[in-house]
Amino acid sequence: MCIRDSPKSDPPVIVKAADVIGVPTPGRTFIHLGDTSCSDNIVTICQKLGEKQSVDGGRLCPDYLVHESTFDDDTAILAVPRGHSTSRMAGGFAKQLGVKDTLILTHFSARYPPPHSATV
């Protein structure tokens, strides 16, 4: 609720959310994970949230998952010791979590210069 006082002698105007906002629509959920090689704690958190909110049989299934994916299957042996995931690990986690819409794979690395970096 918002009350606007006019500098004049007009009475205050009360604006209620229902007066200016349309019909409520369900929101979208997403989970964003940075460097990780084991996401089991996230599954537990989503299960607890789902139980609390009575969602999808006691499981909160996000619409989107942003997950780092540093390595592919050819370099998988390097992933876990360095705290990273492979694209296959991220896909398996998305399936385990029940992601409804999209898995977005990403990785930010200081190893590689930007493609059009300028030298100063």
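1. Helices here are DSSP runs of H or I with at least four residues, and strands are runs of E with at least two. On that basis the chain has three helices and five strands. The model is a predicted one.

2. The order of elements comes next. Along the sequence, the chain reads β-β-α-β-α-β-α-β.

3. Strands E4 (residues 64-68) and E5 (residues 102-106) run parallel and are joined by five bridges.

4. Helix H3 (residues 87-97) forms a β-α-β unit with E4 and E5, and the unit is right-handed.

5. Contacts in the chain were counted between residues at least 6 apart in sequence. Of these, 59% link residues at least 24 apart.

6. Now burial and surface. The chain has 120 residues, and 25% of them are buried. Its accessible surface is about 9,100 Å². Carbon and sulfur atoms account for 57% of that area.

7. One surface feature deserves a look. Val 13, Val 15, Val 20 and Ile 21 make up a nonpolar patch. Together they have about 340 Å² of accessible area.

8. Val 20 counts as exposed because its relative accessibility is 62%, and the cut-off for exposed is over 50%.

Definitions and conventions: Residues numbered from 1 in each chain as written. Predicted model: local features only at pLDDT ≥ 70, side-chain atom pairs only at ≥ 80, totals over all residues. Heavy atoms only, no water. Buried < 20%, exposed > 50% of the residue type's maximum accessible area, 1.4 Å probe, protein only. Contact = heavy atoms within 4.5 Å. Areas by Shrake-Rupley, 256 points an atom, 1.4 Å probe, with all protein chains shown as cover. Patch = residues over 30% accessible without salt bridge, like charges linked within 9 Å, V, L, I, M, F, W, Y side chains within 5 Å. Salt bridge = Lys/Arg side-chain N within 4 Å of Asp/Glu carboxyl O. Pairing = 2+ DSSP bridges. Right-handed = clockwise from strand over helix to strand, strands pointing away.
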